[in-house]
Amino acid sequence: MCDRISSNVREGILVGCGNPLLDISAVVPMDFLQRYSMNEDDAILAEDRHMPIYGELVEGYNAEFLAGGSVQNSLRIAQWILRQPRVAVFFGCVGEDRYAQILKEKAQSAGLDVHYQVKRDVPTGTCAVLITGTHRSLCANLAAANNFTIDHLEEPSNKALVENAQYYYISGFFLTVNPPSIMRVAATAHAKQRPFLMNLSAPFISQFYMAPLLAVLPYVDIIFGNEAEAQAFAEAQSWPSGDLREIGKRLVAFNKLNPARPRIAILTQGCDPVLLFQQDSVQEFPVTKLAVHEIVDTNGAGDAFVGGFLSQFVQGKSLDVCIRCGNYAAGHIIKNPGCTYSGEPEFV
Ligand code: 26A
């Protein structure tokens with residue numbers, strides 16, 4: 001049995017906010033996606049016409065229930081690698097039901113310190129995960145998660161948790177729920193000169209939530225995204241080039257509040273190298289390609305990348321180590337169902 005304490009960082013050093021969702025995951029044929037006008041490797045918000053998906057997955061496709069929600073995934077993975085409980089604190093809104101219990105148990109057993117806001121009479125959010133080969137398409141029914149309010153962060157014990165943290169991570173997804181909470185956390189990070197990290201999360205965020213995204217971007221010290229998300233941002237900004245290297249350079253140079261901490265952009269591109277953009281440089285970090293038979297599903301790979309990154313970043317490790325750990329975590333999660341891990345972490 002491995003020693004549970006491997007890192008030596010302060011409890012509560014990392015705070016994240018997001019949508020706690022229970023993933024309902026199944027392998028489906030392509031025509032399932034077509035019936036719902038969904039694309040492979042996309043992530044969308046459920047509309048009324050998507051509501052039958054969840055029942056269909058359970059009744060006809062032998063669906064699995066897995067802990068999900070992008071930020072909560074990243075923080076669970078960071079905890080798994082850190083092997084020291086309660087380094088990360090998570091805020092999000094759930095209902096008062098069995099799904100909320102499952103999410104809490106999974107988060108706590110990973111060592112995550114969850115402080116859910118609870119909305120009675122609204123079910124905990126779910127996310128349909130439609131697996132087609134090595135692709136996954138996500139359809140989130142936020143339900144209770146959509147009811148998060150800033151009052152939760154204003155409760156004295158939660159306020160203290162936010163103020164005492166040293167690192168902050170919020171997804172672009174949370175822009176669909178509560179921009180004032182994001183701005184509050186970003187402003188706290190800024191006032192205390194602490195890193196604020198964010199994720200572009202999905203193309204639809206840049207397409208439909210650009211205004212709140214632009215409001216928070218000046219505060220963002222490190223921005224994560226994949227190639228499709230970066231391209232959606234560039235397109236929404238009418239940037240002339242769809243070239244990832246050009247987009248990364250522009251993201252780094254984009255409106256920044258604290259010039260003393262130049263922005264960093266980290267763009268992933270599946271099994272192609274991760275790109276690290278800093279003020280005057282672009283670096284590539286190779287990804288170990290998995291054989292098709294090793295891939296269980298790619299759900300959660302991007303979140304796991306961030307989780308691995310954060311586990312090293314909060315220990316003050318170099319960006320090089322953070323990205324290598326991100327790649328390690330993503331590779332591990334792809335070999336397991338959803339954003340779940342098996343055994344002890346093997347990152348050195
Ligand atoms: C607002 N939306 C659409 C979402 C999500 C989401 N997490 C937060 N907000 N849509 C999908 N996810 C989560 O992303 C993970 C994979 O990266 C899913 O729950 C899944 O676990």
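This is a predicted model: local features need pLDDT of at least 70, side-chain atom pairs count only at pLDDT 80 or more; totals for chains, interfaces and linings use all residues.
Figure 1. K249 forms a salt bridge with E246, and their closest N and O atoms lie 3.9 Å apart. Both residues belong to helix 11, where they are separated by 3 residues, about one turn of the helix. E246 is also partly exposed, at 35% relative accessible area.

**Figure 2. The salt bridge between R245 and E284.** The closest N and O atoms of R245 and E284 are 2.4 Å apart. This pair links distant parts of the chain: R245 lies in helix 11 (residues 244-253) and E284 in strand 14 (residues 281-285), 39 residues apart. R245 is partly exposed at 32% relative accessibility, and E284 is partly exposed at 47%.

**Figure 3. The salt bridge between D41 and R136.** Here the closest N and O atoms are 4.0 Å apart. D41 lies in the loop between helix 1 (30-35) and strand 3, whereas R136 lies in strand 8, 95 residues away. D41 is partly exposed, with a relative accessible area of 41%. R136 counts as buried because its relative accessibility is 18%, under the limit of 20%.

**Figure 4. The shell around the ligand.** The ligand is surrounded by 19 residues, and the closest include N19 and N73. The shell comprises 9 nonpolar, 8 polar and 2 charged residues. A ligand nitrogen lies 2.9 Å from an N or O atom in the side chain of N19, and a ligand oxygen lies 2.9 Å from an N or O atom in the side chain of N73. The protein covers 98% of the 470 Å² of accessible area that the ligand has on its own.

How values were computed
Residues are numbered from 1 along each chain as its sequence is written. Side-chain values use heavy atoms; hydrogens and water are left out. A residue is near a molecule or strand if one of its heavy atoms lies within 4 Å of it. A polar contact is a pair of N or O atoms within 3.5 Å; within protein, one must be able to donate a hydrogen and the other to accept it, and residues adjacent in sequence count only if both atoms are side-chain atoms. Accessible areas come from the Shrake-Rupley method with a 1.4 Å probe; for residues, only the protein chains shown count as cover. Ala, Val, Leu, Ile, Met, Phe, Trp, Tyr, Cys and Pro count as nonpolar, Asp, Glu, Lys and Arg as charged, and the others, Gly among them, as polar. A salt bridge is a side-chain nitrogen of Lys or Arg within 4 Å of a carboxyl oxygen of Asp or Glu. Helices (H or I, at least four residues) and strands (E, at least two) are DSSP runs, numbered from the N terminus. Buried means under 20% relative accessible area, exposed over 50%, partly exposed in between (1.4 Å probe, protein chains only).
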